[in-house]
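Please walk me through this structure in a viewer. I would like to know what to select at each stop and what is found there.

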Amino acid sequence: MQVSRGPKLTIEAPPGQVSQQREKKTSHTRLILLVVSLCVAAGTYFFFNKHEKKEAKPKRSAVVTLAEATVRDVPEQIHSIGNVVPLQQVSVKPRIGGRVVNVHFTEGQLVKKRDLLFTIDPRPSRAALMQAQSDVEKQEAMVAQAKAAIIKDEAATEQVKATLKRDVALAKQAERDAQRFEFLANAGAVSQMDRETRETRMESTNATVEAGQANIANAQAQVTVDRANLKNAYAQLEAAKANLQNAKIQMGFTTVNAPIDGRTGHILVLKGNVVRADEDILTTIVQTAPIYVELSVPQEQFRKVQECADKGVLSVRATRSNGQVLATDGKVTFIDNTVDNTTGTVKLKAIFDNKDKALWPSQYVDVVMNLDSIRNAVVVPTQAVQTGQKGQYIWIVHPDKTAHMVPIKVGPAIDGVTAILSGVKAGDQVVTDGQIQLAEGTKVKVTEPVP
């Protein structure tokens with residue numbers, strides 16, 4: 001019996017499913033290739049790195065410059081910015097008004113005290129002076145006249161007194177005669193007429209005495225008036241003399257002289273201009289020798305400044321910003337009595353002779369003030385001192401030529417060296433150049449410093 005087979009049945013997957021399967025196979029293949037590549041790269045790196053380590057050469061020693069720590073006395077100093085100010089600065093003004101008729105100096109000229117600077121028209125002042133002199137002479141004549149009147153009236157008073165003295169004597173004689181004739185008349189020895197005549201004479205002489213006394217009072221009153229007139233004349237004379245003195249002063253004000261030694265500024269009023277008394281500025285004069293330098297000290301250091309000032313004079317040096325020395329003879333002459341609460345500093349003034357005019361008013365200078373000295377301090381070149389995150393340090397080279405970092409505490413610096421308060425001892429070899437190459441224990445090769 002033959003069994004017949006039917007046709008084969010083929011079931012195909014949908015197109016989207018086929019493409020997903022293909023993408024999965026491709027991604028799997030790529031992942032395998034990536035892993036193989038990483039393994040090859042890692043093997044290559046370790047292979048060559050191993051050989052490079054074997055062939056690496058030892059590091060070269062660092063090349064540095066050394067200096068020896070030494071011992072010396074180091075002065076403690078305070079550095080500040082100073083401002084040059086004149087001891088005196090005067091604005092020259094006229095004391096009287098008038099027209100400027102002459103200028104006797106040039107701008108910027110050095111002048112001495114009392115040097116002639118300006119002349120103001122003297123004619124009005126000269127006329128006032130002549131009038132004042134005339135008034136004095138007139139009042140002197142009035143005084144002389146008052147004195148003469150006193151002398152005359154005093155003489156008249158003396159004459160009246162003499163006349164009165166005579167009249168008093170005559171009155172007394174007349175009174176005695178009247179009494180005698182009254183007795184005789186009562187006795188019948190003389191006539192009644194003679195008696196009355198004697199009485200009349202007595203009354204007449206008494207009247208003359210009274211008149212003489214009145215004349216004396218008048219004469220004395222006149223003398224008193226004359227003396228009052230003399231006193232008034234003297235007062236008028238003194239007033240005239242005062243006016244004369246004022247006129248002389250005003251005449252002197254027609255010439256304007258330098259009030260101080262110094263250097264003149266701009267001429268602010270030229271010849272021919274009219275100026276007002278005590279208002280218009282003619283020029284300015286500043287004193288340049290000696291001269292002040294004002295500086296400020298932080299309040300934290302002020303106590304030290306006070307202690308040194310109590311021991312003696314504080315010396316000050318002034319330099320330019322580039323280090324050029326301008327003056328070294330400064331002496332502190334003024335310490336302010338308060339702390340400036342806006343800056344936390346105390347103001348000081350130092351005076352300099354400034355004979356060479358190196359310091360100029362309003363100039364800014366670097367100021368160094370010397371305090372006490374640190375005796376036998378260990379010092380190193382300032383360039384050896386380094387600053388790091390933990391503070392300041394120095395590289396020291398040991399005898400085995402290895403460099404080691406040493407933390408230090410620094411003191412004042414002067415003339416290119418810095419005092420080391422701790423961390424370094426005299427004789428230590430410190431690195432002054434090449435520090436950037438160093439690490440702890442680095443071997444060093446020493447070179448001579450470049451001159």
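The tour below starts with the whole chain and then moves from one selection to the next.

**Whole chain**

Begin with everything displayed, and keep in mind that this is a predicted model. The protein chain holds 451 residues, and 32% of them count as buried. Coloured by secondary structure, the chain shows four helices and 22 strands. Among contacts in the chain with a separation of 6 or more, 76% join residues 24 or more positions apart.

Now colour by confidence. The average pLDDT of the chain is 85, and 86% of the residues score at least 70. Select residues 1-19: here the pLDDT is below 50, and the stretch has one contact in the model beyond near neighbours in sequence. Residues 50-58 also stay under 50 in pLDDT, and for them the model has zero contacts beyond four places in sequence.

**The largest nonpolar core**

Select Val305, Leu348, Phe352, Leu359, Val365 and Met369. These are the residues with the most contacts inside the largest nonpolar core, which has 24 residues. To see where the core comes from, show S2, strand S11 (291-298), helix H4 (299-311), strand S12 (315-319), strand S13 (325-335), strand S14 (345-352) and strand S15 (364-381); each gives two or more residues to it. Another core, of 16 residues, lies apart from this one, and Val100, Phe105, Phe118 and Leu282 are among its members.

Stay with Val365 and display its surroundings. Leaving out residues up to four places away in sequence, Val365 touches Ser80, Ile81, Gly82, Val84, Val293, Ala318, Thr319, Leu326 and Leu359.

Thr319 sits in strand S12. Is Thr319 buried or exposed? Its relative accessible area is 8%, so it counts as buried. Beyond four places in sequence, Thr319 touches Gln324, Val325, Leu326, Val365 and Asp366.

**Ile78 in strand S2**

Move to Ile78, which belongs to strand S2 (residues 70-86). With a relative accessible area of 4%, Ile78 is buried. Its contacts, neighbours within four places in sequence aside, are Val297, Gln301, Val305, Val367, Val368, Met369 and Leu371. For a distance label, pick the C-alpha atoms of Ile78 and Pro298: they are 9.4 Å apart in space, while the residues are 220 apart in sequence.

**Along helix H2**

Select helix H2 (residues 123-187) and pick out Ser125, which is found in it. Ser125 has a relative accessible area of 11% and is buried. Ile96, Gln250, Met251 and Thr254 are in contact with Ser125 once neighbours within four places in sequence are set aside.

Ala149 also lies in helix H2. Why does Ala149 count as partly exposed? Its relative accessible area is 26%, and the partly exposed class lies between under 20% for buried and over 50% for exposed.

**The largest pocket**

Show Leu110, Val111, Lys112, Asp261, Gly262, Gln287, Thr288, Ala289 and Lys357, the residues that line the largest pocket. The volume of this pocket is about 160 Å³. How does the lining divide by residue class? It has three nonpolar, three polar and three charged residues.

**Backbone details**

The peptide bond from Ala289 to Pro290 is cis, with omega near -5°. Pro290 is in the loop between strand S10 (283-286) and S11. Most peptide bonds are trans, and most residues other than glycine have a negative phi.

Arg114 is not a glycine, yet it has a positive phi of about 80°. Its place is the loop between strand S5 (110-111) and strand S6 (116-120), and Arg114 counts as exposed, at 63% relative accessibility.

Ser362 has a phi near 75°, which is again positive in a residue other than glycine. Ser362 is found in the loop between S14 and S15. At 57% relative accessibility, Ser362 counts as exposed.

Notes:
Residues are numbered from 1 along each chain as its sequence is written. This is a predicted model: local features need pLDDT of at least 70, side-chain atom pairs count only at pLDDT 80 or more; totals for chains, interfaces and linings use all residues. Side-chain values use heavy atoms; hydrogens and water are left out. On a 1 Å grid over the protein atoms alone, a cavity is a set of points where a 1.4 Å probe fits but cannot get out, and a pocket is an open set with protein on both sides within 12 Å along at least five of seven lines; lining residues have an atom within 4 Å of a point. Grid points are joined across faces, edges and corners, and a volume is the space filled by probe spheres set on the points. Ala, Val, Leu, Ile, Met, Phe, Trp, Tyr, Cys and Pro count as nonpolar, Asp, Glu, Lys and Arg as charged, and the others, Gly among them, as polar. Buried means under 20% relative accessible area, exposed over 50%, partly exposed in between (1.4 Å probe, protein chains only). Contact means heavy atoms within 4.5 Å. pLDDT is the predictor's confidence in each residue, from 0 to 100. A nonpolar core is a set of buried Ala, Val, Leu, Ile, Met, Phe, Trp, Tyr and Cys residues joined through side-chain atoms within 4.5 Å.
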